[in-house]
Amino acid sequence: MLDSTTASKGTGIGRPGVHIAPVATLLASVGLLVLGNGLQGTLLVVRAGQEGFRSETIGLMMSAYFAGYALGSVVLPRVVSSAGHIRAFAGFASIASATALLHLLLLDAWAWSVLRAVTGFAYAGMILVTESWLNAHAVTSTRGRLLSIYGMITMGIWALGQGLLNVAPPEGVVLFLIVSILISLALVPITLLPSRPPTVPHQVGFDLSRLFAMSPLGTLGAFLSGLALSAFWGMGPNFAQEVGLDTAGISAFMAAVLFGALFLQWPLGWLSDRYPRRLVIAFSALAAALAGIGFVFIADAGLPALLSLGFVFGGFGIPLYTLVVAHANDRLKADEMLAAARGLLLLNGLGAAFGPFVAGLSMRLLGPTGLFVYAAILLTILALAAFLRRLHGPEEEAVSSPLPCTPQIAMTLDTRGHEPRAERA
C-alpha cells in the first residue's frame, strides 16, 4: 500500500526497487500462461459436452483442477526454494504443456479429471514463481501498483483469450496444440531473466482459528467466494453450451463475465476504501446473487441478455475475494498479514475444489440454470453474513488495501533457509 509521502513523490523508473524491464518480462510470461489456461479451461468444458460427459462429471473434472492448485500452493514453495525459480518454472511449464496434449490421447472423463488435477498443480507452481519474483522486484512503495497492474493484465488477457475458442473447432486438435504452444512460449520471457532469489522479513505464525476469531466475515467470505465463483469457472461454458450457444456465443459469454470484473473491480475497491467494507461486500454479493437468479428467467432470451447479465454477475461476483481479504487485513497486525493471506488463500482453494462438482450436481437436478441457483444461494448467504456483521459486529474503519482481483498465490520464498514464507499481495 502506498503511503502519502511516497504517493506524493511519485515512482520513477530510477527509484530503488522499481525495475521496469524485468517486471514487464514477468508480466509477459504471466500473460501467456493466462491466455493458455483460460482457453484450456473453456475448451475442455465445451469438448466434454460434445463428447457427452454428464454435468456432474464435468463438474468433478473441473473441481480436480482447483484441488490440484490448492495442493500445489501448499507443497510447491519448498520445491521452488530448492530448485530455483527458473528451473522450477521450466519444469512446471513442461508438465502443463505435455498435459494439455495428453487430453487428446486419453479421451476419458476419469483420465481428464486426473489431468486437470496435474494441470492445476503445475499452474500453482508457475504462478508461485512469477508472483514471488514480481514481489522481489518491488518495494513497499511500488508493490501495490505492480500487483494492481498484474491483476488488470491477467483479467483482461483471460477475457481476450476466450476469443481463441473461435480459431478452430473444439472437436479438433488445433486448440489443444495452441494451448500447449502458449504454455511453452511462456518459458521464453522468464528464463531470460537473471536469477536473483527474493527474500522477505520474518513473519509471525498464524493459525486459522485466530484468523476466524479476528475476522469471521473474512474467513467465511474467502470460503464461500471459492465455492461460488469456482463453480462458474468450471461450469460456465457448460451452461452456455446447454442453453444453446454456439462456440462463438460461449466465448463471448465467458468474456462478458470477465470484462465485468475488469471494469467494476476498481469502482468497488474505491467504494470499499471510503465506506464500510462490510456494506460493500453485502451489496456486491447481493447484486451478484440477483444476477444469478436472473439467469433462471432469461436463459432462453438470447445472447444479448445473457451477455448483459453475465457482465453484472462477473462484475460484482469476481471481486468479492479481494474485498473479503481487504476486510480481514483491516483487523490484523502488520506482521500477521502475510501468514493470514495464505490462510485465506487456502480457504478459498478448499471451497474452489468442491464448487464445480456441487454445481454440476445442481445442474443435473435443475437443468443448466442450476449453476446460477447454486451460486446465488451461496452469495446470498455471504451478503446476509456481511450485513449482520455490519449490524452486530465491531466498528470498522476502511483502510486502503490494493490487491489483485483474483485469488492467486502471492508469496515470496526465502531461499537462503529453504523455508517458504507468504508475501502479502
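How exposed is arginine 364, in terms of relative accessible area? Arginine 364 is partly exposed, at 48%; that class lies between buried, under 20% relative accessible area, and exposed, over 50% (1.4 Å probe, protein chains only). This is a predicted model, where local features need pLDDT of at least 70, side-chain atom pairs count only at pLDDT 80 or more, and totals for chains, interfaces and linings use all residues. Residues are numbered from 1 along each chain as its sequence is written, and side-chain values use heavy atoms, without hydrogens and water.

Arginine 364 forms a salt bridge with glutamate 56, with 3.7 Å between the closest N and O atoms. A salt bridge here is a side-chain nitrogen of Lys or Arg within 4 Å of a carboxyl oxygen of Asp or Glu. The pair links distant parts of the chain: glutamate 56 sits in helix H3 (residues 55-83) and arginine 364 in helix H15 (residues 337-366), 308 residues apart. Helices are DSSP runs (H or I, at least four residues), numbered from the N terminus. Shared partners join Arg54, Glu56 and Arg364 into one network. In it, glutamate 56 meets arginine 54 at 2.6 Å. Glutamate 56 is buried at 12%; arginine 54 is partly exposed at 44%.

Now glutamine 162. It lies in the loop between helix H6 (140-161) and helix H7 (174-185). Glutamine 162 is buried, at 2% relative accessibility. Its side chain makes a polar contact of 2.6 Å with that of threonine 42. A polar contact is a pair of N or O atoms within 3.5 Å; within protein, one must be able to donate a hydrogen and the other to accept it, and residues adjacent in sequence count only if both atoms are side-chain atoms.

Conventions:
Helix = DSSP H or I, 4+ residues; strand = E, 2+ residues; numbered from the N terminus.
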